[in-house]
Every structure is written in structure tokens, then in C-alpha cells.
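Q: Please go through the terms used for this structure, and set each value against its definition.

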Amino acid sequence: MQTKTIEASVEGGKGYSVSIGLGLEKELQEIVSREGGENRIVVITDKRVEKFFGAQILSALEIPLPAPHARQAGGKPVELYSFSEGERNKNQKTVTALQHELLNGRYGRDTLIIAVGGGIVGDVGGFVAATYMRGVPYINVPTTLLAMVDSSIGGKVGIDTKYGKNTIGSFWQPRAVIMDIQYLAKMPREQIINGLLEAVKTFMTSDREALSLVEKLNLDEPLENPEVLQEIIFRSVNIKVGVTSRDVREGGERMVLNFGHTIGHAIELLSGYRLPHGFAVGYGILAEAKISELLGILSPADCAEIYKHFARLGITPKDFPQHSPEKILEATLGDKKTRGGVPRYVLLESIGKVQVKEGKFAHPVADDVVTKALQDLRQ
Ligand SMILES: NC(=O)c1ccc[n+]([C@@H]2O[C@H](COP(=O)([O-])OP(=O)(O)OC[C@H]3O[C@@H](n4cnc5c(N)ncnc54)[C@H](O)[C@@H]3O)[C@@H](O)[C@H]2O)c1
């Protein structure tokens, strides 16, 4: 399979390359040699990823380094630090522990961090990179589909607090992102769908045609047809790279990636974060497509097509979480798109086209329209 590469530009900053392929150990070596130079290299991952791929990653990174470096590192050029997997560990304690490991190991500003794992590792490893010695470079090696199609692009890094998800963080762009789809061979179906749902969301805002690729993917054996999987990731990354490079700090256009998220985040919060993010967004899209239809912006035919795509991924109105519209409306108030106490919604004009009004990508919607949409979709 031919590796596909996308060059991401970052306004006012250094861009980075994104490689998408199968068996990218050589690319990883080359990129680490290019970006790492004489740096000390440290891999950050979680325990589960370490168990599956730790040895493989370390052996791929056995890069002959210049003499002084090799001496300093005691002949072991790369070290790996891992933390326990799971959202509950995406917190300050984990970050502090990793920072102290690095300080203890006398890592300096010449450190290159390689974050290998899902979205949590990318967020935590990227945040450690953003803060260690006032910022050191990092390379992101996403190993989940969600991290490939979504979280590894755009430079958002950070952690959760008791006040909410991603409430402490930064924008810190990687030096490179290497997406090796061989990692996805061990992913359970539910997690493949969780990632696919974010890709579908992206396609619904910007690339209708790509939805037919999703239809072709075997959800149980995504690597059965690696070219289809690669193309889904490529198209999704291409859109996200374009949007995030035009709007680095989420002031405008980047909002389109929030389609389904006003309701999605509300039901994710109401579930106590037990509902996986992709699924919450999937249900959020069912509601927000219905809102777009009720407002007369989206045709009933397109709305029905959206429902059909989600049904194949197991997201159906009958399973929509059973919170009352009042509770959902209240939970939307904490959404980051809320302005002056009024939540905003990304609305669709058609599949692949978001409504842009007066230069704005997210809009207020009357509570009774949201309530009716939630009632209608449950019928
Ligand atoms: N920074 C962003 O822009 C952004 C965007 C979306 C989501 N996120 C964040 O991403 C996180 C979710 O990411 P996620 O869904 O990748 O979850 P995750 O990082 O928790 O990974 C899911 C699980 O899969 C395991 N795993 C990782 N790679 C694997 C592989 N190849 N095979 C088998 N198991 C593997 C992990 O150890 C973990 O247990 C959330 O914290 C979310 O807030 C960030």
C-alpha cells in the first residue's frame, strides 16, 4: 500500500506532516531522525498500548544516535513511560508523574516526546510536551481510529479536572503525525465504530461522497480492505487539517467540527462520561439533524439519509439516551459554544454543507425547537 501524506500548515507556526499507511516503522525512524536530531527521545504511552505494541515501538526506534547522546542515555537511546489507560487517568496527577519522571531522568529542553496511543495518550503526551521546560517537540503516533481521524490533528492537548473534560490544556502542534493502520487490527468493533462516528460527522459537514466509503468498510475486519480504511482516514484528516489550519484557536470555522456536539456533549455529561464520546456525538447528530429539518434548513430526505448512515453503525432513535429534554437543555448550557448563556448549534443545509450565516458557523436555536426535535426523534 502506498503511504499517503498530508502537509498541515499552521497559521503563524511550524507545519507538520501526517503520514497514513500500513507498516510505517521505517517512516517513524526517518521522521524521528529528522525531527529528533541529537535530542533525547522518550515514548509516552498507556499500559494497554505498551502491552500490545511497546516492544515493537521501541525496536522500531532503535536509532543509532551520535556518540555523546548515546553515552548520556547509557546506550539506551529511547525510554518509555506509561500510565494506566482510561479517561479517569487523563488528569493532573498523571501529567505531574510523567513530568517528574522526565525531571528525574534529567531530560532537558533537547527532549523529543513520542506519544503512542489513543486520544488520551495524545492529549496527555502532547500536554506534557507543551509544558515540559516551557515546551518541547512531540510526535504523535495515534493507535485508535478516533485518534487517527480526529484527536491527533489540530494541536489541542490537555486533561480533565473535576470541573469537566479538557478544562486544562493548550494548543501545541506536533512535529509530525504517523498513522499506521496496522495498529487497528487489534481494535474491538465498538472502538472502530466510536472512531468512525467522528469521521462520519466530519463527512456530513464537508464530504458527502466519502460516506459511501464508510458503507464499504467491514466493521468487524476493518483491515480486510486496507485501502478503504486508509482513504476514510485520509479524507477525514484532510478536512480537519484544512479547517484547523485556517482556524487554529477555534474562533470560527473550526466550529463546524462541532456538528452534533451541543447535544452530544450534554448527553455525554448526563451519562457521567460512560457513553463513549463518538456514540454521544452520533446521538447528538440525530438530534441536531432533526433540529435542522424542523427549522426548514435541511430536507427531510437528507435527514432520513443521515439516520440511515447512523443506523448501520448502531445509532438509532430508539436507543437515544432517556434524559428529559429539560435535562438535556440544561446540560447544553455548559457547552463551549454557549455565548451569553445561549447555546449554539452547527446546522446542516444539506449533507456535506453547514449553514454559515453572517459569517457564523454556530447559531442559537429556540428551546421549543430543540424540545420538539428530541420528542420527534424518539417517536
Ligand atoms: N485533542 C483533541 O482534539 C481531541 C478530539 C477528540 C477526542 N479527544 C480525546 O480523545 C480521548 C478518546 O480517545 P480514544 O477513543 O482514542 O480513547 P483512548 O485513548 O482511551 O483509547 C481507548 C482504549 O483503547 C486502547 N488502545 C489504544 N490503541 C489500541 C489499539 N491499537 N488496539 C487496541 N486497543 C488500543 C487504549 O489503551 C484504551 O484503553 C478522549 O479523552 C477525548 O477527550 C481529543
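**Terms and values**

Q: Which of the 30 residues around the ligand come nearest?
A: Arg48, Gly118, Gly119, Thr144 and Ser151 come nearest among those 30 residues; a residue is near a molecule or strand if its C-beta atom, placed from the backbone, lies within 6 Å of it. The elements giving two or more residues to this shell are α2 (47-60), α5 (119-131), α6 (145-151), β8 (164-171) and α7 (189-206). Helices (H or I, at least four residues) and strands (E, at least two) are DSSP runs numbered from the N terminus. The model is predicted: local features need pLDDT of at least 70 and side-chain atom pairs 80 or more, while totals for chains, interfaces and linings use all residues. Residues are numbered from 1 along each chain as its sequence is written.

Q: How do the residues of the shell around the ligand divide?
A: Nine are nonpolar, 11 polar and 10 charged. Ala, Val, Leu, Ile, Met, Phe, Trp, Tyr, Cys and Pro count as nonpolar, Asp, Glu, Lys and Arg as charged, and the others, Gly among them, as polar.

Q: Why are α10 and α11 called oblique to each other?
A: Helix α10 (residues 261-270) and helix α11 (residues 277-294) pack at about 130°, with axes 7 Å apart. Axes are lines fitted to C-alpha atoms, for helices over the stretch in contact, and angles run from 0 to 180 degrees between N-to-C directions. Under 35 degrees is roughly parallel, over 145 roughly antiparallel, 65 to 115 roughly perpendicular, and the rest oblique. The pair is therefore oblique. In α10, His261, Thr262, Ile263, Gly264, Ile267 and Glu268 meet His277, Ala280, Val281, Tyr283, Gly284, Ala287 and Glu288 in α11; contact needs C-beta atoms, placed from the backbone, within 7 Å. By class, this contact has six nonpolar, five polar and two charged residues.

Q: Why are α11 and α12 called roughly antiparallel to each other?
A: The angle between α11 and helix α12 (residues 300-312) is about 170°, and their axes are 9 Å apart. On that angle, α11 and α12 are therefore roughly antiparallel. Gly282, Ile285, Leu286, Ala289, Lys290 and Glu293 of α11 make the contact with Pro300, Cys303, Ile306, Tyr307 and Phe310 of α12. Eight of these residues are nonpolar, one is polar and two are charged.

Q: Why are α7 and α9 called oblique to each other?
A: α7 packs on helix α9 (residues 226-246) at about 60°, with the axes 10 Å apart. α7 and α9 are therefore oblique. Ala199, Thr202 and Ser206 of α7 make the contact with Ile232, Ser236, Ile239 and Lys240 of α9.

Q: What makes β1 and β4 edge strands?
A: Seven strands form an open sheet of mixed pairing, in the order β1-β2-β9-β6-β5-β3-β4. β1 (4-8) and β4 (78-83) each pair on one side only. Strands pair if DSSP finds at least two bridges between them. Direction ignored, neighbouring strands are turned by 15° against each other on average.

Q: How many bridges join β3 to β5?
A: Five bridges join strand β3 (residues 40-46) to strand β5 (residues 111-117), and the two run parallel. In β5, isoleucine 114 is the bridge partner of valine 43. α5 lies across β3, β5 and β6 (138-142), at about 170° to β5.

How values were computed. Contact = placed C-beta atoms within 7 Å.
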